[in-house]
Amino acid sequence: MDKPAGPSSFAIVAALRRRTRARTGHAGTLDPFATGLLVLLSGAATRLVPCFVGLDKRYVTDVDLTSTTTTADPEGATVERHAAPSRSEVDEALARLRGEVELPIPAASAVKIGGERAYRLARRGVEVDMPLRRSLVHALDVITYNGDPAAVPSVRLELHVSSGTYVRAIAQALGGHCTTLRRVAVGPFRIEEAAPVEDVALLPVADALERLPPESVEKVTEPVRAGVLALETSVGNGSAA
């Protein structure tokens with residue numbers, strides 16, 4: 001589905017659950033301010049979540065290069081303001097962020113620190129040293145420089161990254177924060193085939209699995225996959241499930 005800005009991914013899952021009255025899971029969340037592709041699994045297909053977790057992601061983001069925030073997104077308080085970098089400085093910073101990188105996980109994240117979610121600690125004003133996460137940035141390209149060669153206050157970027165990469169961490173490493181974030185692909189699934197939650201259509205399990213690389217499909221045992229496919233077939237033929 002195509003998530004709008006505002007609701008959490010968990011709220012979207014709950015909305016689909018109410019619509020279908022079936023178990024519902026997801027293959028990776030989006031921050032509330034972010035929009036774009038959410039891969040959701042319904043009913044027996046929730047047993048196949050591991051197949052859809054760990055896929056590469058593609059994003060488009062706008063980054064304000066003149067200020068940082070507590071959350072590295074527009075929902076946080078401003079921490080620092082500074083002059084816009086030059087285009088050459090932006091390009092040099094981007095070059096350092098391609099390939100295998102290690103960046104601090106944003107404080108406003110769901111990672112557990114000492115048994116508690118980091119974002120809950122951040123809301124209480126508790127400062128912690130966030131752990132580093134290693135990510136693979138396959139591509140990090142500029143769509144638009146906003147400004148002139150001497151001063152670029154913001155930039156629109158296109159990213160292709162490994163699963164678990166925080167785009168907000170990349171924005172922070174550039175000395176700024178994300179003002180928009182849109183996920184346009186999860187593995188072989190594209191935003192063009194998505195719809196709002198009230199109009200979302202279910203993709204047959206067999207079709208979805210066929211689009212995945214073998215190493216993703218094999219994360220779930222063959223008997224489990226066969227059971228889900230058999231159940232889908234029986235329901236499709238009108239049998240009781």
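Colleague: On what basis are local features and side-chain values reported?

Modeller: In this predicted model, local features need pLDDT of at least 70 and side-chain atom pairs count only at pLDDT 80 or more, whereas totals for chains, interfaces and linings use all residues. Residues are numbered from 1 along each chain as its sequence is written, and side-chain values use heavy atoms, with hydrogens and water left out.

Colleague: How many helices and strands does the protein have?

Modeller: Helices (H or I, at least four residues) and strands (E, at least two) are taken as DSSP runs, numbered from the N terminus. By that assignment the secondary structure comes to eight helices and 14 strands.

Colleague: What percentage of the residues in the protein is buried?

Modeller: A residue is buried under 20% relative accessible area, exposed over 50% and partly exposed in between, with a 1.4 Å probe and protein chains only. Of the 241 residues in the protein, the buried ones make up 41%.

Colleague: Which residue of β12 stands opposite Leu 140?

Modeller: Two strands pair if DSSP finds at least two bridges between them; β11 and strand β12 (residues 151–161) run antiparallel and are joined by nine bridges. A hairpin connects β11 to β12 through two residues. Leu 140 is in contact (heavy atoms within 4.5 Å) with residues including Leu 94, Leu 157 and Ile 170, its neighbours within four places in sequence being left aside. The residue opposite Leu 140 in β12 is Leu 159.

Colleague: What is the bridge partner of Glu 102 in β11?

Modeller: Strand β8 (residues 99–104) pairs with strand β11 (residues 132–148) in the antiparallel sense, over six bridges. Within β11, the bridge partner of Glu 102 is Arg 134.

Colleague: Which residue takes a positive phi in the hairpin of β13 and β14?

Modeller: β13 and β14 run antiparallel and are joined by two bridges, with Arg 190 in β14 as the bridge partner of Ala 185. Their hairpin has two residues between the strands, and the residue with a positive phi, near 55°, is Gly 187.

Colleague: Is Ala 72 buried or exposed?

Modeller: Most residues other than glycine have a negative phi. At 1% relative accessibility, Ala 72 is buried.

Colleague: What is the relative accessible area of Arg 21?

Modeller: Arg 21 also has a positive phi, near 60°, and lies in the loop between α1 (9–20) and β2 (24–26). Arg 21 counts as exposed because its relative accessible area is 81%.

Colleague: Why is the pair of Phe 52 and Phe 189 tilted?

Modeller: Rings of Phe, Tyr and Trp (its six-membered ring) pair if their centres lie within 6.5 Å; planes under 30 degrees apart count as stacked, over 60 as edge-to-face and the rest as tilted. The count comes to one aromatic pair. The ring centres of Phe 52 and Phe 189 are 6.0 Å apart, and the pair is tilted because the planes stand at 35°.

Colleague: How many residues apart are Phe 52 and Phe 189?

Modeller: Both Phe 52 and Phe 189 are buried. Phe 52 belongs to helix α2 and Phe 189 to strand β14 (residues 189–190), so the pair links distant parts of the chain, with a separation of 137 residues.
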